[in-house]
Amino acid sequence: NRRDRSHLSVTSLSGLEEWDEEFDLEDAVLFEIAWEVANKVGGIYTVIQTKARLTAEEWGENYFLVGPYVESNVRTQVELIEPTNPALKSTIDKMNRSGCKVYFGRWLIEGSPYVILIDVGFTAWSLDRWKSELWENCAIGVPWFDREANDAVLFGFLTAWLLGEVRGHTEPPHILAHFHEWLAGLGLVLCRQRQLPVATIFTTHATLLGRYLCAGNVDFYNNLAEFNVDKEAGDRQIYHRYCLERAAARCAHVFTTVSQITAIEAEHLLKRKPDIVTPNGLNVKKFSAMHEFQNLHAQSKNRIQEFIRGHFYGHLDFNLDKCLFLFIAGRYEFSNKGADIFLEALARLNYLLRVNHSDVTVIAFFIMPARTNNFNVETLKGQAVRKQLWDTAQTVKERFGKKLYESLLVGQLPDVSKMLDKEDFTIMKRAIFATQRQCQPPICTHNMLEDSSDPILNCIRRIGLFNSSADRVKIIFHPEFLSSTSPLLPMDYEEFVRGCHLGVFPSYYEPWGYTPAECTVMGIPSISTNLSGFGCFMEEHIADPSAYGIYILDRRYRGVDESCNQLTSFLFQFCKQSRRQRIIQRNRTERLSDLLDWRYLGRYYISARHMALAKAYPDAFSYEPHEPNSASGFRYPRPASVPPSPALSRHSSPHHSEAEDNDDEDERYDEDLEAEKDRMNIRQPVALPFKNKAYTVYGANGDGATTEKN
């Protein structure tokens with residue numbers, strides 16, 4: 001039984017089969033089903049939206065996304081049209097005549113894939129009947145008060161109905177249905193229970209029980225085999241949801257997860273070892289101008305510095321050119337996302353910087369949405385004071401410039417002492433008095449609704465980091481997602497990330513981790529952990545991750561205090577790097593971006609789809625992956641030049657002395673030569689052909705190339 005095979009490692013690239021000419025997808029149809037199709041709720045939306053272009057290129061007109069109809073989203077994201085596929089048009093018409101509301105259109109994203117959107121609320125009259133059927137056939141009872149689970153029941157029965165109707169209309173195409181997460185999983189269970197001739201894949205991006213257990217401060221990963229899963233799910237009142245998720249995982253022809261760490265979790269909690277790991281990718285934007293990402297970093301950094309000038313007015317006693325911007329962002333899960341360990345490490349870093357008399361100032365941003373009562377007055381006042389100072393400086397500059405111009409016109413060198421008159425000095429003194437403040441710069445930019453019980457604020461009170469002049473580490477808590485229309489920090493998230501120096505994501509529970517991946521493709525170093533899918537993936541692919549600006553914290557086999565000390569060490573070593581060393585490191589980080597592109601990572605999904613088709617339709621498709629061995633796969637080696645870390649006694653390349661570091665941080669170096677050295681050591685992924693398609697896909701053993709098949 002192929003299901004009993006050990007799942008393919010993400011490093012086992014040569015373990016993936018080389019597809020041949022015979023694997024023809026023209027008589028197959030792919031339905032990808034998820035609650036987050038054209039409906040942004042969380043990270044799965046990003047997975048589906050960014051992957052759509054590659055999948056549409058592979059499947060063409062035979063690719064359909066299925067999701068819920070949400071009117072507000074459809075207005076802005078979907079162009080409703082008539083179905084072009086006759087079988088699908090007939091199916092949708094029949095369902096609409098039978099009391100459903102099913103819509104068809106194009107999702108207005110890259111690739112413009114077809115979408116089928118089902119209005120689950122319109123069919124709510126069938127909920128009791130379908131819940132009874134679910135209980136009779138699967139022994140899963142869904143309580144009336146769980147609205148999310150009720151939606152999952154409606155969505156599941158409607159998608160199974162849709163697939164059944166399509167199967168009844170089509171001869172002979174083979175149908176492949178890919179379901180994401182438990183909210184869509186019931187449709188898969190019903191397809192198998194009704195014995196529909198449909199190949200099925202189920203992908204879990206994070207197990208329900210895992211998320212709940214980690215939020216409860218348990219030693220989760222070292223006790224996976226010990227949990228009584230039924231009792232734990234029951235205690236948390238999610239037993240019915242857990243049953244839906246476990247049933248989908250067990251019923252699927254092919255079961256996948258997004259990372260090795262989640263694969264181990266799924267094996268113990270869902271009782272099935274994944275057939276293949278399918279890591280999440282991104283659409284990497286490459287800039288035509290050489291090192292354009294470095295210029296973007298400088299531009300965005302300047303905008304953050306402007307915000308800092310206003311936020312710290314009256315206490316701006318540190319050098320902004322010696323200032324490092326760190327940030328953590330994501331859902332407000334204090335322990336799961338590692339905000340607790342980050343704050344503790346910042347307190348220790350502050351001590352180290354002070355006792356070592358460092359001239360570096362660290363400003364740590366916490367971008368985590370919480371319940372607020374709008375911006376606080378002191379924060380807004382800071383930006384107003386900054387703007388007023390700028391206007392004053394511009395006024396004085398214009399008056400000075402006019403007098404200078406008139407003096408030069410008559411052929412005289414100006415008498416500088418007479419260029420500024422009494423009125424100018426009065427204006428400037430008044431501006432200086434306006435910058436005086438009696439209080440410390442605020443920690444939080446907003447008024448919190450639950451200030452006294454907020455975990456981040458309470459931790460800051462405990463460690464005593466209140467943005468005082470003596471502290472070398474300052475904290476800014478921005479409890480709202482960033483927006484370019486904000487009156488406070490008018491930047492979108494991508495701009496903000498580009499302007500920072502380091503992303504810190506010491507998560508305890510992070511099945512994949514899009515935040516450090518986004519940092520990497522923008523050329524920004526990051527810290528993640530060996531409990532995140534991204535961290536494990538990078539550890540497997542890179543011989544020396546820290547040399548490429550990917551710092552990986554050990555949170556699996558160390559205690560909290562040990563992990564915190566390791567994080568503090570990472571942060572302190574980063575603070576000791578010169579500006580030039582950081583530039584070298586950013587160049588290296590950006591060179592890893594191809595590794596995270598869907599053009600490369602999409603091949604794992606391709607492998608899963610081929611595996612499912614071969615299991616469901618053995619007469620039409622064959623798939624026999626090679627058994628991976630320990631030597632298979634590929635790893636980015638250590639860079640040809642020595643990693644730019646002050647912790648090393650060796651010189652970083654290009655060779656320079658400590659004196660040069662201090663005296664000439666802007667010294668130029670031959671980046672093209674550095675890149676070429678690294679490139680010679682990096683084995684490029686292999687070109688993966690598709691029948692009747694022409695585009696580039698990156699794999700493991702050769703150069704990426706555009707191939708055209710006849």
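Biologist: Which residues make the nonpolar surface patch?
Modeller: Y405, L409 and V410 make that patch, and its area is about 360 Å². Keep in mind that this is a predicted model.

Biologist: Where does Y405 sit?
Modeller: Y405 belongs to helix α13, which covers residues 377-409.

Biologist: And is Y405 buried or exposed?
Modeller: Y405 counts as exposed because its relative accessible area is 54%, and the cut-off for exposed is over 50%.

Biologist: OK, switching to the sheet. What's the strand order?
Modeller: The order is β14-β11-β10-β15-β16-β17, in an open sheet of 6 strands with parallel pairing. At the edges are β14 (473-478) and β17 (550-553), each pairing on one side only. From one strand to the next, the twist averages 25 degrees.

Biologist: How many bridges join β11 to β14?
Modeller: There are 6 bridges between β11 (residues 361-367) and β14, and the two run parallel. F365 is opposite I476 in β14.

Biologist: Which strands does helix α12 touch?
Modeller: Helix α12 (residues 339-355) packs on the sheet and touches β10, β11, β14, β15 and β17. Its direction makes about 170 degrees with that of β11.

Biologist: Last one, G533. Buried or exposed?
Modeller: G533 is buried, with a relative accessible area of 2%. G533 lies in helix α19 (residues 533-541).

Biologist: What does G533 touch, leaving out residues up to four places away in sequence?
Modeller: With those left out, G533 touches S259, I261, E510, P511 and W512. Also, the C-alpha atoms of G533 and G513 are separated by 6.4 Å, with the two residues 20 apart along the chain.

Notes. Residues numbered from 1 in each chain as written. Predicted model: local features only at pLDDT ≥ 70, side-chain atom pairs only at ≥ 80, totals over all residues. Heavy atoms only, no water. Pairing = 2+ DSSP bridges. Helix = DSSP H or I, 4+ residues; strand = E, 2+ residues; numbered from the N terminus. Axes fitted to C-alpha atoms, helices over the stretch in contact; angles between N-to-C directions. Contact = heavy atoms within 4.5 Å. Patch = residues over 30% accessible without salt bridge, like charges linked within 9 Å, V, L, I, M, F, W, Y side chains within 5 Å. Areas by Shrake-Rupley, 256 points an atom, 1.4 Å probe, with all protein chains shown as cover. Salt bridge = Lys/Arg side-chain N within 4 Å of Asp/Glu carboxyl O. Buried < 20%, exposed > 50% of the residue type's maximum accessible area, 1.4 Å probe, protein only.
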